[in-house]
Amino acid sequence: MSLLDRIDSVFKGPEDVDLTSGGIVKPLFYLSLPIVLTNLMQTAYNLADTFWLGQYDTAALAAISFAFPMVFLLISIGTGFSVAGSVLVAQHTGANDEEKAEYAASQTVTFSLLAALVLGLVGFVFVEQLLSVFGASPEVLPMATSYMQVISLGLMFMFGFFVFVALMRGYGDTVTPMLVMFGSVVLNIFLDPFLIFGFDDNPLFAMLGAESLQTTLFAATGYTGSGITGAAVATIFSRALALAVGLAIMFNGTRGVEIHLRDMAPNFGYARKLLAIGLPASVEGSGRAISINLLLIVVGLFSTNVVAAYGVGTRVLSVIFLPALAVARGVETMTGQNIGANKPDRAEKAANSAALTMFVVLSALGVLTWFGARPIVGVFTDNQEVISIGAEFLRYVAPTFGFIGIVQSFVGSFRGAGKTVVAAVISVSMLGLVRLPVAFFGAADFGLGLGSSGIWLGFAVSNVVGGVIAILWYRRGTWRDVNISSDRSVPSVEAEPTDD
């Protein structure tokens, strides 16, 4: 068997996998594996910027630390349209209504780009004030502002690419976005050192032993790099090219959902439908970001070693969260398509299978993490106190890893059914109404007085409570109450768009 044959046997497209009939586990696997890899590639963008800017200047590295949370917040706001588009495409694809799936995709592209344009302009104008509120120092503020202004102007490309990924996922194709993302990441990693350093004292040439080539290029161009602004340009250029490829794929229609110019004229009646589904998803993402930042206030009350241990622990948790999130996206698509096909029992079976599988897998990872807590933290630091505190963090949370899988599986199914309000309530409640209060009162002297251990307890309790809430709410069956046939806001292809 050739290498290409082996790759093809692992990554299968929607033409090879039927999400509305047959087995459950294999379709979920084929949907979720490319999403895991796509998410890993997404983090590679940030890692590349962080690595090269760390080589460039400490202040630039600090600036990017302030910029990343703002980028995450902007992306969270824009998540709504991509979730709405993915859900609607999945439901109409499952109902074998190609026309409505294509119209939903076309309108999603239109309104996501319009929203990105507005957000980008607002961000460009007010980014310096926002960064000041976040506490950027006078030394860091100019660089962080420069980075964010470029990102703001290119926000359309970032939003557009995320929408492409979501629409293809709704159709059942997660392989094509993975391949486009791979090309985009490689391009970004290639451009970063050249746009940051130029051809003057560029560490890449030193790593490659090509200093003479650097001297020749500098003599020819005189380019000394653009610093942190160059990192932003590399990211936006890579996203722009990825979006261009994504749009070409969708306009062509040979893989995944097809979009049409005739369907892209703004239909504000349809926008209300997109917002009804997507706005709660935006609230969920934004609420998650806000809850994390509020928790940082509690963590910041303790020593630097506790803060460092918290940082290491949350990095480990983000790795655990990655497969759970990928499976949630897979369940979202399977639920949407089976709701569209009028097979809610199959959708429920998919959610239950995913929840059970992720509970077992993540619980096993939890056992390994519990026993290997000190070596895991030791990968990130050699400070023995940080290692001890970080190991305690992981040992508190590791036994509850399985509940993360339960929450994400059922929340993904709620989204696929279009019940994004329920998904948002579960996620935000888990973080804002359980984790934050438990961490605060567990750590405070007037509460349980556990010190930093109270923060770790907040993570453990919120994971378990979130899992129980997700199970009980899903068992109510209210997510089944979806009628996608009564879609009066979608005109026929021949008709003029209407706001009705």
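**Figure 1. Phe-190, Phe-194, Phe-199, Phe-205 and Tyr-223 form one aromatic cluster.** The model shown here, as in every figure below, is predicted. Among the members of this cluster are Phe-194 and Phe-205, and the next two figures lead up to a closer look at them.

**Figure 2. The whole protein is built from helices, with 18 of them and zero strands.** The C-alpha trace extends over about 65 × 60 × 55 Å along its principal axes. A compact globule of 500 residues would have a radius of gyration near 23 Å, and the protein agrees with this because its own value is 23 Å. Of the 500 residues, 53% are buried.

**Figure 3. The rings of Phe-29 and Tyr-30 make an edge-to-face pair.** Rings are counted as a pair when their centres lie within 6.5 Å, and by this rule the protein has 22 aromatic pairs. In the pair of Phe-29 and Tyr-30, the ring centres are 5.6 Å apart and the planes stand at 65°. An angle over 60 degrees counts as edge-to-face, so the pair of Phe-29 and Tyr-30 is placed in that class. Phe-29 has a relative accessibility of 45% and therefore counts as partly exposed. Tyr-30, at 16%, counts as buried.

**Figure 4. Phe-194 and Phe-205 also form an edge-to-face aromatic pair.** The distance from centre to centre is 5.9 Å, with 80° between the planes. This pair links distant parts of the chain, 11 residues apart. Phe-194 belongs to helix α7 (residues 175-197), while Phe-205 belongs to helix α8 (residues 203-208). Buried means under 20% relative accessible area, so Phe-194, with 19%, is buried. Phe-205 counts as buried too, at 5% relative accessibility. Both residues are members of the aromatic cluster in the opening figure.

**Figure 5. Phe-403 lies in helix α16, which covers residues 401-416.** Its relative accessibility is 21%, so Phe-403 counts as partly exposed. Leaving out residues up to four places away in sequence, Phe-403 touches Phe-359, Asn-463, Val-464 and Gly-467. A further point of reference is Val-327, which is 76 residues from Phe-403 in sequence. In space, the C-alpha atoms of Phe-403 and Val-327 are 14 Å apart.

**Figure 6. Ala-423 is found in helix α17, made up of residues 420-443.** Ala-423 counts as buried because its relative accessibility is 0%. With residues up to four places away in sequence not counted, the residues that Ala-423 touches are Glu-284, Val-411, Phe-414 and Arg-415. Ser-413 is 10 residues from Ala-423 along the chain. The C-alpha atoms of Ala-423 and Ser-413 are separated by 8.7 Å.

Note on methods:
Residues numbered from 1 in each chain as written. Predicted model: local features only at pLDDT ≥ 70, side-chain atom pairs only at ≥ 80, totals over all residues. Heavy atoms only, no water. Helix = DSSP H or I, 4+ residues; strand = E, 2+ residues; numbered from the N terminus. Rg over C-alpha atoms; globule rule 2.2 N^0.38 Å. Buried < 20%, exposed > 50% of the residue type's maximum accessible area, 1.4 Å probe, protein only. Contact = heavy atoms within 4.5 Å. Phe/Tyr/Trp six-rings, centres within 6.5 Å; stacked < 30°, edge-to-face > 60°.
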